[in-house]
Amino acid sequence: MSDSRSPRRLLVTGGAGFIGSNFVHYWCDAYPNDRVVVLDALTYAGNRRNLAALDGQENFRFVAGDICDRSLVDQLLQAENIDTIAHFAAESHVDRSIIEPAAFIQTNLVGTFTLLEAFRQHWDKERPDSYCFLHVSTDEVYGSLNPNDAAFTETTPYAPNSPYSASKAGSDHLVRAYYHTYGLPTLITNCSNNYGPYQFPEKLIPLMCINSLIGKQLPVYGDGQNVRDWLYVGDHCEALDVVIHRGVPGETYNIGGNNEVKNIDLVQMLCQVMDELAPQTLCSKDDSAHEYSPQLPVRPCNKLISFVQDRPGHDRRYAINATKIKTQLGWIPTVTIEKGLHRTVEWYLTHRDWWQPLLSKEYQEYYRQVYVQKGI
Ligand code: NAD
Ligand code: TYD
């Protein structure tokens, strides 16, 4: 972006989670004169350590708190003179939404409503160009595609199938309504499956990396033929930058990775990368000391692949048509699935100190609930 831009003052909700923390690092590097305030409730998915490297920087502040807490949000918007909300905070995992949907309704719907209401009271209607409410959403709101269906565009009708995607669909509708009703300068992005550093161990790619490293089975749901369009998180952050700076208020932009892959093919690719990198990669314990990672417990890794009972209501295929953001805002993804998987496996190999503590008692309990009933 141009050097002549005025500094912004951002509130990043969910900034201690996977995409949010990548975004905060990206933004603080790209725009050191901007103020970045993170509001995050530090649920099981939030990790304060994701942002530790920014502690002490003058332009960065972390606030532990809930987006549903209206007085806290009001106070932050006012005290920090926020002009831009980048809203990532959410309950984000479909499998958890099947077990316990209530938190999804609370955070994704009530939380988004709370932020919208607070921003509506806060923004200056006389200067609409100075404000922005970016709502980060998902392609899952569009439902499931058959193999030969055209990819989702921004006008594909909503047809969510899980409590997660239904709650995100509801939040998208609220954001849309606040633009149409109150003129609030909102932007919505619907992106495909992200992957990369700092992703919580229970999502597909980190789960496969970590299970390979600890010699646990690699559970593939159903027949493994479900298709996702994988987006490297660094590409996603660049897309959000472009949308914040050049997006037209009230508009929606689809963001995809141009990487449609069947789950089983993705897991096989991951296993190959793991076989290739695992014995040679350095594990960093801290900044000064390094040690070689242990040999893989099972080699080749794909011996660990195990087909398990399918997820209920499992969407067959997601695919994003990202022509609008390409033609109108000039963004395209640059990281191929091969390059992205290589980077991601390398990250999990060298950050055992990050993921090991996350395999807590709570995580084991979650794992037992989801996978034991699936047959492993
Ligand atoms: P994540 O689960 O890794 O992180 C969510 C963050 O939100 C965590 O830090 C958590 O502590 C915080 N949070 C949860 N409830 C909160 C509350 N009530 N108040 C404040 N903070 C709260 O999620 P992610 O994968 O980083 O996803 C970020 C956003 O992107 C979500 O809105 C998600 O729907 C969307 N999205 C994610 C993907 C993906 O592949 N990960 C794909 C499409 C869209
Ligand atoms: P996930 O990372 O949960 O994202 P989403 O369901 O939001 O797309 O899962 C990605 C795909 O991988 C999805 O089709 C479900 C499948 N999957 C497995 O086959 N095994 C697993 O253990 C997990 C977590 C997911």
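These legends describe close-up views of a predicted model. Local features need pLDDT of at least 70 and side-chain atom pairs pLDDT 80 or more, while totals for chains, interfaces and linings use all residues. Residues are numbered from 1 along each chain as its sequence is written, chains are lettered from A and ligands numbered from 1 in the order in which they are written, and side-chain values use heavy atoms, without hydrogens and water.

**View 1. The second largest pocket.** Its volume is about 380 Å³. On a 1 Å grid over the protein atoms alone, a pocket is an open set of points with protein on both sides within 12 Å along at least five of seven lines. Lining residues have an atom within 4 Å of a point. Volume is the space filled by probe spheres set on the points, which are joined across faces, edges and corners. The lining has 17 residues; Tyr44, Arg96, Glu362, Tyr363 and Tyr366 lie nearest the centre.

**View 2. Helices around the second largest pocket.** H3 (94–99), H4 (102–122) and H12 (361–372) each supply at least two lining residues. H12 gives the largest share, five residues. Helices are DSSP runs (H or I, at least four residues) numbered from the N terminus. The lining divides into eight nonpolar, four polar and five charged residues. Here Ala, Val, Leu, Ile, Met, Phe, Trp, Tyr, Cys and Pro count as nonpolar, Asp, Glu, Lys and Arg as charged, and the others, Gly among them, as polar.

**View 3. Helix H1 against helix H7.** H1 (residues 18–30) and H7 (residues 233–246) pack at about 65°, with axes 9 Å apart. Axes are lines fitted to C-alpha atoms over the stretch in contact, and angles run from 0 to 180 degrees between N-to-C directions. H1 is therefore roughly perpendicular to H7 (65 to 115 degrees). From H1, the contact (heavy atoms within 4.5 Å) uses Phe18, Ile19, Asn22, Phe23, Tyr26 and Trp27. H7 contributes residues including Val233, His236, Leu240 and Ile244. The contact residues are nine nonpolar, three polar and two charged.

**View 4. The largest cavity.** Its volume is about 50 Å³. A cavity is a set of grid points where a 1.4 Å probe fits but cannot get out. Val94, Glu140, Ser162, Arg311, Pro312, Gly313, His314, Asp315 and Tyr318 line this cavity. They divide into three nonpolar, three polar and three charged.

**View 5. The second largest cavity.** This cavity holds about 30 Å³ of space. Its lining is Gly17, Phe18, Ala45, Asn47, Asn50, Tyr198, Phe200 and Trp354. Five are nonpolar, three polar and none charged.

Terms used. Parallel < 35°, antiparallel > 145°, perpendicular 65-115°, else oblique.
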